Amino acid sequence: MVIVWTTLLALIFLPLYKKFLFYIGSIQYNYQKKLIPVSFGLYILFVETIVLLMFDRDYNWSYMVAFFIITIVGTIDDFYGDPRIKGLSGHIRAFFAGKITTGLLKAIVGGWIALFLGFFIGQDIIESLTIFLLILLMINMINLFDLRPGRALKVFFLFYFGLSISTPFLFIGNLALISLSILLIVFYHDLRGKIMLGDSGANLIGLHLGLWYSLYLSLSWQWLMIIVLILLHVYTERHSLSDLIEKNKLLKKIDLWGR
């Protein structure tokens with residue numbers, strides 16, 4: 001029943017939200033130079049909230065507050081961000097040059113959210129700092145992949161299903177199934193280049209992953225994920241992920257699937 005209602009509401013609100021984004025001018029040219037609506041974090045969060053209120057009022061709403069804040073900050077970056085400034089190092093250089101960017105604001109707020117959740121969930125200082133790092137890196141990881149239609153959500157689904165076959169998180173509460181139902185619909189449109197997640201959407205689903213991996217993975221597996229994510233971030237500071245994918249036949253085939 002949760003899946004049915006989520007799918008129904010997501011299908012009803014999606015065209016309305018797309019019209020809203022066009023109306024307020026939240027549109028950008030994608031990599032194919034097509035003008036499409038951008039910033040779908042608020043849409044995802046709106047449907048999630050409605051369905052949770054219908055079916056799971058006992059959900060920990062502290063998490064929803066964190067989702068809301070990271071989505072708002074991402075939305076601000078979608079509207080006012082400077083696309084010429086790339087990566088955390090780029091925003092830091094801009095700061096020392098006297099310019100405070102929305103990307104830096106997003107990084108700072110994301111850091112505070114990760115720190116809050118780390119100490120909210122963690123049982124001791126080591127566990128809290130582990131969760132802090134894991135959430136922070138997960139949020140930014142999705143942003144790194146959100147450069148081509150469907151790419152960020154393919155990565156999301158990879159991590160989502162990896163967690164679902166190794167832990168019971170799908171059967172604890174309703175949010176996992178609610179999110180999956182919404183994101184499959186978003187994925188269909190994103191894959192065809194009709195919409196763009198934007199920073200608001202990428203930040204939100206990245207925070208979802210970070211939270212779930214923090215709640216359901218053991219500490220040793222969390223550190224393994226942190227090491228992998230750090231290596232990924234170090235690589236992307238010096239190299240292009242798109243170039244890597246383009247040069248690898250398997251990765252390119254996966255990246256182009258569905259377009």
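A nonpolar core is a set of buried Ala, Val, Leu, Ile, Met, Phe, Trp, Tyr and Cys residues joined through side-chain atoms within 4.5 Å, where buried means under 20% relative accessible area with a 1.4 Å probe and protein chains only. The model is predicted: local features need pLDDT of at least 70 and side-chain atom pairs pLDDT 80 or more, while totals for chains, interfaces and linings use all residues. Residues are numbered from 1 along each chain as its sequence is written, and side-chain values use heavy atoms, without hydrogens or water.

**View 1. The largest nonpolar core.** This core has 71 residues; Tyr43, Phe67, Met141 and Phe156 touch the most other members. Beyond four places in sequence, Met141 is in contact (heavy atoms within 4.5 Å) with Val155, Phe159, Leu209, Leu229, Leu232 and His233.

**View 2. Lining of the second largest pocket.** Of 16 lining residues, Phe145, Val155, Leu158, Leu251 and Ile254 lie nearest the centre. Helices (DSSP runs of H or I, at least four residues, numbered from the N terminus) H7 (151-166), H11 (241-247) and H12 (249-256) each supply at least two of the lining residues, with H7 giving the most, 6 residues.

**View 3. Helix H8, residues 175-191.** H8 is largely enclosed by the rest of the structure, because 14 of its 17 residues are buried. Just after H8, Gly193 has a positive phi of about 70°.

Notes
Buried < 20%, exposed > 50% of the residue type's maximum accessible area, 1.4 Å probe, protein only. 1 Å grid on protein atoms, 1.4 Å probe; cavity = no way out; pocket = protein on both sides within 12 Å on 5 of 7 lines; lining within 4 Å. Expected span 1.5 Å × (residues − 1).
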